[in-house]
Amino acid sequence: MDKRRAGGVQYCMSRFRFRRSRRPLDLAVDMAGVRMGERLLQAGAGDARAFAAIAAKVGLTGRACAVADTSEAVHVLERAAARQGVFVEVVGVQSGAWPFDTASFDIALVDGNALIGAADGERQTRLAEIRRVVRAGGRVLAVYRSPRSLMMRLGFESAREASQPARALLQAFDLAGLAPARLLAEREGLTFVEALRPA
C-alpha cells in the first residue's frame, strides 16, 4: 500500500485513483467506434441519446436500425433520433425472429441491462438473433449501465477486477458462440463488453 504523509495527515493512494471525468454519452460514442457507411443495429432500448449520436456516425451511406420490445421504447428511440436529426428504423418485436435479413449488419449494440435481466430462454433467443443478423467478422458490443456513486461522480474510480455484469455478459456471449469476447472498459458507470461474430 502506497502511504504518504502531508501536514501530519497520512493518506492512501492505492485503492482509488483520481481521473478527469468524461460524459457517459461521449464515452459510449467513442467505444462504439462506428464509422461512416456501416450498418448499425441497436438491440434493446439502451440509452436512446447514445443510440442517436452513434447512429449519426453512419452517415447517408450507412444504415441505423433498432429493435425494442415495447411501444414506449420504440417512441423514445425515434424521438431521440429526431432530435439528433438522423434517420433510423425502429421496430417493436416482443418475441420470435427479427424482421432483418441474415448478415445484414456490421455492428450490433446490445442493451446489457436488458440482456442480463432477461430469462434464460429470452436471452438465448436475443443472442441467437444477434448472431444471425450480424455478418461474419462483425462486432457485437454490449453496454451495461450501473448507477454512478458519489465517488465516481467526483472523479475517483476504484481499482478492481471485472465486475459481475462484465462476467455475466462475457459468459452470455460465450454460450451464444460470439467469440472471442473481451471486457473493453468499465468507466463512468458503463461496462463495455465486445465480441466478434465468427464465420
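**Entry 1: the cavity**

I looked up the largest cavity and found a volume of about 180 Å³. On a 1 Å grid over the protein atoms alone, a cavity is a set of points where a 1.4 Å probe fits but cannot get out, and lining residues have an atom within 4 Å of a point. Grid points are joined across faces, edges and corners, and the volume is the space filled by probe spheres set on the points. I found one cavity of 30 Å³ or more in the structure. Of its 17 lining residues, Ala 28, Gln 42, Asp 47, Ala 50 and Val 143 are the closest to the centre. The elements giving two or more residues to this lining are helix H1 (24-32), helix H2 (48-55), strand S7 (105-111) and strand S8 (134-145). Helices (H or I, at least four residues) and strands (E, at least two) are DSSP runs, numbered from the N terminus. H1 gives the most, with four residues.

A note on the source: this is a predicted model, in which local features need pLDDT of at least 70 and side-chain atom pairs count only at pLDDT 80 or more, while totals for chains, interfaces and linings use all residues. Residues are numbered from 1 along each chain as its sequence is written, and side-chain values use heavy atoms, with hydrogens and water left out.

**Entry 2: helix H2**

I checked H2 next. The buried residues are Ala 48, Ala 50, Phe 51, Ala 52, Ala 53, Ile 54 and Ala 55. Their cover includes H1, strand S4 (39-43), strand S5 (63-68), helix H3 (71-84) and S7; contact here means heavy atoms within 4.5 Å. At the start of H2, a side-chain oxygen of Asp 47 comes to within 3.0 Å of the backbone nitrogen of Arg 49.

**Entry 3: the cores**

I then turned to the largest nonpolar core, which has 33 residues, with Leu 40, Val 88 and Phe 192 making the most contacts inside it. Such a core is a set of buried Ala, Val, Leu, Ile, Met, Phe, Trp, Tyr and Cys residues joined through side-chain atoms within 4.5 Å. H2 supplies the largest share of this core, seven residues. Leaving aside neighbours within four places in sequence, Val 88 is in contact with Phe 51, Ala 55, Ala 64 and Ala 81. I also found a second, separate core of 25 residues, including Leu 41, Ala 108, Ala 166 and Ala 195.

Most residues other than glycine have a negative phi, and most peptide bonds are trans. With that in mind, I looked for exceptions. Ala 179 and Pro 180 are joined by a cis peptide bond, with omega about 0°. Pro 180 sits in the loop between helix H7 (164-175) and strand S10 (181-187). Ala 103 is not a glycine, yet has a positive phi of about 60°; it belongs to the loop between strand S6 (89-92) and S7. Glu 188 also has a positive phi, of about 50°, and is found in the loop between S10 and strand S11 (190-196).

Definitions and conventions. On a 1 Å grid over the protein atoms alone, a cavity is a set of points where a 1.4 Å probe fits but cannot get out, and a pocket is an open set with protein on both sides within 12 Å along at least five of seven lines; lining residues have an atom within 4 Å of a point. Buried means under 20% relative accessible area, exposed over 50%, partly exposed in between (1.4 Å probe, protein chains only). A polar contact is a pair of N or O atoms within 3.5 Å; within protein, one must be able to donate a hydrogen and the other to accept it, and residues adjacent in sequence count only if both atoms are side-chain atoms.
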